[in-house]
Structures are given as C-alpha cells and as structure tokens.
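Good morning. I will go through some side-chain contacts, starting with a term we will need.

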Amino acid sequence: GAEARLRDFLVGRFGGPPRYMEQRGHPRLRMRHMPFAVDMAARNRWVQLMDAALAEAALPPEAVAVLQPFFHHM
C-alpha cells in the first residue's frame, strides 16, 4: 500500500493524474506523519532509500534531476 500511495502522490505532484488526491484527499504530509517519530535519523534513512530506489530504477537523468532534489528537500 505505501508504495502505491507514494507513487500516486509523486505522479500527481509532478503533473500526472491526481489519483492520490481523488483517493485520499489533500496530502497533509505533516498531519499524516505526526503519529510517527520522524527525526533527523529517520529523515536521512528515507532519503538514502529514495536515492537507492532512483539508482535501481535507472531513470533518465532528467527525471533524477527533478526527483532527487524533491526527495532531499522533503
């Protein structure tokens, strides 16, 4: 489920069909993540995993140039 939600969020965030918004409403990321302990270590681990996923997916450099800064900023 989490992978599909992240995919749908990213697709909508970057101009694709708004499936995430249609199914779950506004992302409200801070509110949705409030129950979890998201400290700097957890944030860094998430960024590390997103970087690894980008490398594994072997996306075009143009896509990585958009997604990677987005993940690092989030």
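A word on the source. This is a predicted model, where local features need pLDDT of at least 70, side-chain atom pairs count only at pLDDT 80 or more, and totals for chains, interfaces and linings use all residues. Residues are numbered from 1 along each chain as its sequence is written, and side-chain values use heavy atoms, with hydrogens and water left out.

Now the rings. The structure has 5 aromatic pairs (ring centres of Phe, Tyr or Trp, the last by its six-membered ring, within 6.5 Å; planes under 30 degrees apart are stacked, over 60 edge-to-face, the rest tilted). One of them is F14 with F70, edge-to-face, at 5.1 Å between centres and 75 degrees between planes. F70 is buried, at 11% relative accessible area, while F14 is partly exposed at 37% (buried is under 20%, exposed over 50%, partly exposed in between, with a 1.4 Å probe and protein chains only). Ring pairs join F9, F14, Y20, W46, F70 and F71 into a cluster.

Last, charges. How many salt bridges does a search of the whole structure find? It finds 2, a salt bridge being a side-chain nitrogen of Lys or Arg within 4 Å of a carboxyl oxygen of Asp or Glu. D8 meets R7 at 3.3 Å, N to O, and D8 meets R19 at 3.0 Å, N to O. Through shared partners, R7, D8 and R19 form one network.
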